[in-house]
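Me: I'm new to reading protein models. Could you walk me through one, feature by feature?

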Amino acid sequence: MGNILYIVVPCFNEQEVLPETGRRLSAKVETLKSQGKIGAGSRIMFVNDGSNDATWGMIQELCEQNKIFAGVNLSRNRGHQNALLAGIQTASEHADMIVSMDADLQDDINAIDAMIDAYHAGNDVVYGVRSSRQRDTFFKRNTAQFFYRLLKLLGAEIVYNHADYRLLSRRAAKALLSFDEVNLFLRGIVPMVGFRSTTVAYERGERFAGKSKYPLGKMLTFALEGITSLSIKPIRMITMGGLLVCVISLIMLIKAFVDYSLGNVVPGWTSIIISIWVLGGLQLFAIGIIGEYIGKTYMETKARPKFIIESILLQEESEVE
């Protein structure tokens with residue numbers, strides 16, 4: 001197996017953390033080179049996801065100062081998952097192995113060593129898995145665990161406590177790129193690639209600087225994206241729920257006839273109102289879920305590009321030696 005490593009780092013408004021991220025990652029890459037674990041052509045590739053601060057200018061400066069850095073600039077903001085895929089696509093033309101990670105330095109960069117060892121042991125996919133969630137708030141810890149369990153219940157194949165910190169071999173990256181979904185949820189798609197895989201545990205730290213790009217609203221949207229992208233069980237649940245309501249309605253109809261025949265007819269204003277509200281709510285909820293899937297189908301059939309690369313800063317391998 002080859003030993004050229006590319007570290008792909010999506011960036012959106014990361015001017016506060018980028019200098020430190022570049023410093024730490026370049027030191028890590030140089031150490032790995034000196035240990036003979038990776039080749040001299042290994043790079044750190046920052047992907048600018050349409051930032052509206054100085055992020056891209058700083059990436060350009062890093063590339064000018066040290067050829068170990070490379071940059072990919074998207075034409076506009078396309079979201080974390082698309083930016084990550086753009087970096088993987090570009091890196092797959094040059095690298096033997098690709099590590100993806102966020103720019104905020106919460107992922108322990110020392111876990112890269114174990115990932116590379118696992119790669120050389122024959123694994124095409126190495127998942128970075130959090131060893132604990134003790135640093136999370138009570139709300140975030142429990143909602144995250146609920147999300148993973150819900151996805152598993154709905155039949156999605158997902159690695160527990162894994163986000164987007166992972167290593168892909170070149171052939172695994174190429175296989176991932178063959179998936180044509182517009183609605184991306186990479187942590188659910190990567191396991192579908194197959195190939196031999198393993199996990200590496202690490203302790204997730206605090207964000208070095210800047211603000212989280214995933215507030216509660218975006219986290220909920222991302223969770224909904226994952227569920228509707230990976231499973232059709234919610235649609236089947238609606239079908240089963242509708243069947244159950246029909247059965248209950250039939251039982252209530254029979255009961256109404258029995259009561260009428262026995263003369264036990266009592267005005268049921270409360271029960272009628274409750275029935276209307278409950279059934280109306282269920283119908284609106286069901287329509288909303290079906291609408292999510294119809295909307296996704298609509299976006300998939302358009303076959304729009306997931307991202308457009310405006311420019312790439314990448315020196316030839318011979319110039320890096």
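Predicted model: local features only at pLDDT ≥ 70, side-chain atom pairs only at ≥ 80, totals over all residues.

Me: In which sense do E4 and E6 pair, and over how many bridges?

Reply: The sense is antiparallel, and there are 4 bridges. E4 also pairs with E1: those two run parallel and are joined by 4 bridges. Valine 99 turns up there again, as the bridge partner of isoleucine 7.

Me: Which way do the side chains of E4 point?

Reply: Met97 and Val99 point one way, while Ile98 and Ser100 point the other way, and all are buried.

Me: How should I think about buried nonpolar residues?

Reply: The general idea is that in soluble globular proteins, nonpolar side chains tend to be buried together. In this chain of 321 residues, 43% count as buried. The largest nonpolar core has 33 residues, and Leu5, Ile7, Phe46 and Ile112 have the most contacts inside it. Among the elements that give two or more residues to this core are strand E1 (5-11), helix H1 (18-34), strand E4 (97-100) and helix H4 (111-120). H4 gives the most, with 6 residues.

Me: Which residues does leucine 5 touch, leaving out those up to four places away in sequence?

Reply: Its contacts are Leu32, Ile38, Ser42, Arg43, Met97, Val99, Ile112 and Ile116. There is also a second, separate core of 31 residues, including Val72 and Tyr127.

Me: Back to H4. Why is it described as largely enclosed by the rest of the structure?

Reply: Because 7 of its 10 residues are buried. Those are Ala111, Ile112, Asp113, Met115, Ile116, Ala118 and Tyr119. The buried residues of H4 pack against E1, H1, E4, strand E5 (125-130), E6 and E7. Just after the helix, glycine 122 takes a positive phi of about 110°.

Me: What about charged side chains?

Reply: Side chains of opposite charge can pair when their charged atoms come close. The count here comes to 8 salt bridges. One of them joins arginine 23 and glutamate 20, at 2.5 Å from N to O.

Me: Where do those two lie?

Reply: Both are in helix H1, 3 residues apart, which is about one turn of the helix. Here's the idea behind that: an α-helix has 3.6 residues a turn, so residues three or four places apart point the same way. Glutamate 20 has a relative accessible area of 17%, so it is buried, as the cut-off for that is under 20%.

Me: Which parts of the chain does the salt bridge between aspartate 124 and arginine 171 tie together?

Reply: In that salt bridge, the closest N and O atoms are 2.9 Å apart. Aspartate 124 lies in the loop between H4 and E5 and arginine 171 in helix H6, so the pair links parts that are 47 residues apart in sequence. Aspartate 124 is buried, with a relative accessible area of 4%.

Me: How far apart in sequence are the parts tied by arginine 170 and aspartate 96?

Reply: First, the bridge itself: the closest N and O atoms of arginine 170 and aspartate 96 are 4.0 Å apart. Arginine 170 is in helix H6 (residues 170-177) and aspartate 96 in the loop between H3 and E4, so this pair ties together parts 74 residues apart in sequence. Arginine 170 counts as partly exposed, at 33% relative accessibility.

Technical notes:
Residues numbered from 1 in each chain as written. Heavy atoms only, no water. Core = buried A, V, L, I, M, F, W, Y, C linked by side-chain atoms within 4.5 Å. Buried < 20%, exposed > 50% of the residue type's maximum accessible area, 1.4 Å probe, protein only. Contact = heavy atoms within 4.5 Å. Pairing = 2+ DSSP bridges. Salt bridge = Lys/Arg side-chain N within 4 Å of Asp/Glu carboxyl O.
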